[in-house]
Amino acid sequence: MQKITFKGTPLTLVGRALKAGMPAPGFQVVSQDLKAVSSADFKGKVKIITSFPSLDTPVCDLQVKEFNKRAAGLSGETVVLGISKDLPFAQQRFCESFEIKNVRVFSDYQTSSFGINYGLLVKELNLLARSVLIVDQNDALRYIQIVEELTTPPDYEDVLNNLAEIIKNGPLSVKEKFASRCKPCAAGTPPLTQDAILGLSAECPGWELVEDKKLVQEFKFKDFAEAKYFLDLVSVIAQEQGHHPALTLIYNKLKVTLTTHAAGGLTDNDFILAKMIGELTI
């Protein structure tokens, strides 16, 4: 996971570890009129997503204004989304005061859905890192810029140069979402064969296979607060994936049990989520 600093002091980014070329995770944020907005609402668009700590700081203020200015020259197939953990009321005041019309600004204040799913939640501050992402029409994550020093603005020229290349070359083909996204389950979904289960288990170190029907792992932390924090991360990831793990919290220990109830056993989804959980940073 990339390291960042705030005035030279190291900070910790938590959440999923993402790479360009993989499917962009879904997320849910809150609009300025307090309505839930999801990434699916922008399906079929090229999405520039820029995150920042707070509109009450000069660099973030200028970041949104700069993207608002530059977005005016973009084609209709591109949408610019700004995301922070500012409350929607503060975001609305800012956008009205400075006539921000070309950037759609949303809040991640409720569950940090965006921050956790994109690995951009700053643990020490409970704010979002400064970043710019580009997601193409097929929802493939094409570009990631995480600004190393929180007080430094993003490289706008690099964003626009990469955007031009992405539009020129067209969207990526996301075959089966690179097998990195859970698929909707339905009654009658067959469980994996024993051979398939054994093969996938080898790719998920630390997980115990129980009767070929469950994956179980216990995570241990220094105290209850750390264990609860990890539980929240797993919950947000699982919700975005549409998975329903059993989470048992006992003081500084979290036991995670994965199975696909509709299948009566293990499916690809359980191993996909196991890998995601294994990659979480805290």
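**Surface, fold and strand pairing in a predicted model**

The accessible surface of the protein chain in this predicted model comes to about 13600 Å², and carbon and sulfur atoms account for 53% of that area.

Biologist: How many helices and strands does the protein chain have?

Modeller: The C-alpha atoms fill a box of roughly 60 × 45 × 35 Å along the principal axes. Within the protein chain, the secondary structure comprises seven helices and 16 strands.

Biologist: Which radius of gyration does the protein chain have, and why does it agree with a compact globule?

Modeller: The protein chain has 282 residues, and a compact globule with that number would have a radius of gyration near 19 Å.

Biologist: Among contacts between residues at least 6 apart in sequence, what share joins residues at least 24 apart?

Modeller: As background, buried residues make up 50% of the 282 residues. Among the contacts in question, the share that joins residues at least 24 apart is 70%.

Biologist: Which strands are the edge strands of the open sheet of three strands?

Modeller: The order of this open sheet is E3-E9-E10, with antiparallel pairing. An edge strand here pairs on one side only, which applies to strand E3 (13–14) and strand E10 (127–128).

Biologist: In E10, which residue is the bridge partner of Leu121?

Modeller: Strand E9 (residues 121–122) runs antiparallel to E10, and two bridges join them. The bridge partner of Leu121 in E10 is Leu128.

Biologist: Which residue in the hairpin of E11 and E12 takes a positive phi?

Modeller: Strand E11 (residues 131–135) pairs with E12 in the antiparallel sense over five bridges, and in E12 the bridge partner of Ile134 is Tyr143. Five residues lie between the strands of this hairpin. The residue with a positive phi, near 65°, is Asp139.

Biologist: Is strand E12 mostly covered or mostly uncovered, and how many of its residues are buried?

Modeller: Strand E12 spans residues 141–146, six residues in total, and is mostly covered. A residue counts as buried under 20% relative accessible area. In E12, the number of buried residues is five.

Biologist: Does Leu87 count as buried, partly exposed or exposed, and why?

Modeller: Leu87 lies in the loop between strand E7 (78–84) and helix H2 (88–97). Together with Leu34, Phe89 and Tyr109, Leu87 makes a nonpolar surface patch of about 380 Å². Because its relative accessibility is 45%, Leu87 counts as partly exposed.

Note on methods. Residues are numbered from 1 along each chain as its sequence is written. This is a predicted model: local features need pLDDT of at least 70, side-chain atom pairs count only at pLDDT 80 or more; totals for chains, interfaces and linings use all residues. Side-chain values use heavy atoms; hydrogens and water are left out. Two strands pair if DSSP finds at least two bridges between them. Helices (H or I, at least four residues) and strands (E, at least two) are DSSP runs, numbered from the N terminus. Buried means under 20% relative accessible area, exposed over 50%, partly exposed in between (1.4 Å probe, protein chains only). Patches are made of residues with over 30% relative accessible area and no salt bridge: like charges are joined within 9 Å, nonpolar side chains (Val, Leu, Ile, Met, Phe, Trp, Tyr) within 5 Å. Accessible areas come from the Shrake-Rupley method with a 1.4 Å probe; for residues, only the protein chains shown count as cover. A salt bridge is a side-chain nitrogen of Lys or Arg within 4 Å of a carboxyl oxygen of Asp or Glu. The radius of gyration is taken over C-alpha atoms; the globule rule is 2.2 Å times the number of residues to the power 0.38. Contact means heavy atoms within 4.5 Å.
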